Amino acid sequence: MEVRWESVYKKMRDIERTRIKICGLRRREDIEIINEVLPDYCGFVIEVKKSSRNVSAEQVRMLVKNLDKRVIPVGVFVNTPPELPAQLLNEGTLGMAQLHGQEDENYIKILREMTEKPLIKAFSVKTGEDIRKACQSSADYILLDQGSGGTGKTFDWSLIQNIDRPYFLAGGLGVHNLRQAIETLHPWAVDLSSSLETGGYKDPAKIRELMKTFPNFFPGRM
């Protein structure tokens, strides 16, 4: 597969608004609604058997073939041997990898030796010490979440009032609190998943509602 994300990376760096990532895709129907609303990023939970949103590497390859080139696909991995994310990044299936387990600095170092693509390291936030550790990460971006991801719960936002590096904000975000999160915290990007689902699957109506409520998140539609 052709590696095709470099021009999109540049546009991401240049824009000033908060970016948006819709995570937990697993069906052809999910790709269709993503292509309709055009968020900045979309996420796939790859080879994480305990997740209800789990997809295989081969499923991701098939799904991404039909993804609009303006949307960057992000692979979410949990303690996966680095060879798999490196392969999917280098072959062009993925544009970024999100590490959502106990991957340490040595893991990131090893993965960087295997690929030059951007990495996101996720951190579960419960205390100020968690923020301090996150800010020391050598990953290109950090993601701050309530727990293991996809729980639909927020964490204490007061812990990140003065963070000084770009970060993805996740955990319990939806139409009901997104404006407050952006105006209070000014995250580099926001990450939504469970709030956009009905019965465990992405709900096109909820995604369209998000687009209509926050049209500036979806410049591809303007």
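Are Tyr-141 and Phe-168 buried or exposed? Both are buried (under 20% relative accessible area, with exposed meaning over 50% and partly exposed in between, using a 1.4 Å probe and protein chains only). Keep in mind that this is a predicted model, where local features need pLDDT of at least 70, side-chain atom pairs count only at pLDDT 80 or more, and totals for chains, interfaces and linings use all residues. Residues are numbered from 1 along each chain as its sequence is written, and side-chain values use heavy atoms, leaving out hydrogens and water.

**The chain as a whole**
- The protein chain has eight helices and eleven strands (DSSP runs numbered from the N terminus: H or I of at least four residues for helices, E of at least two for strands).
- Of its 222 residues, 55% are buried.
- Take the contacts (heavy atoms within 4.5 Å) with a separation of 6 or more: 56% of them join residues 24 or more positions apart.

**Aromatic rings**
- There are five aromatic pairs here (Phe, Tyr or six-membered Trp rings with centres within 6.5 Å; planes under 30 degrees apart are stacked, over 60 edge-to-face, the rest tilted).
- One of them is Tyr-141 with Phe-168, edge-to-face at 6.0 Å centre to centre and 80° between the planes.
- That pair bridges distant parts of the chain, with Tyr-141 in strand S7 (residues 141-145) and Phe-168 in strand S8 (residues 167-169), 27 residues apart.
- Phe-168 also pairs with Trp-188, this time tilted, at 5.7 Å centre to centre and 55° between the planes.
- Trp-188 sits in the loop between helix H7 (178-185) and strand S9 (189-192), 20 residues from Phe-168.
- Phe-168 has a relative accessible area of 0%, while Trp-188 counts as buried at 15%.
- Ring pairs tie Tyr-41, Tyr-141, Phe-168 and Trp-188 into a cluster.

**Helix H8**
- In H8 (residues 204-213), the buried residues are Ile-207, Leu-210 and Met-211.
- Viewed down the H8 axis, they fall within an arc of 100°, so they line one face of the helix (the arc is that of the directions from the helix axis to the C-beta atoms).
- Their packing partners are strand S1 (19-22), helix H2 (28-37), H7, S9 and strand S11 (201-202).
- At the start of H8, a side-chain oxygen of Asp-203 comes within 2.9 Å of the backbone nitrogen of Ala-205.

Conventions
A polar contact is a pair of N or O atoms within 3.5 Å; within protein, one must be able to donate a hydrogen and the other to accept it, and residues adjacent in sequence count only if both atoms are side-chain atoms.
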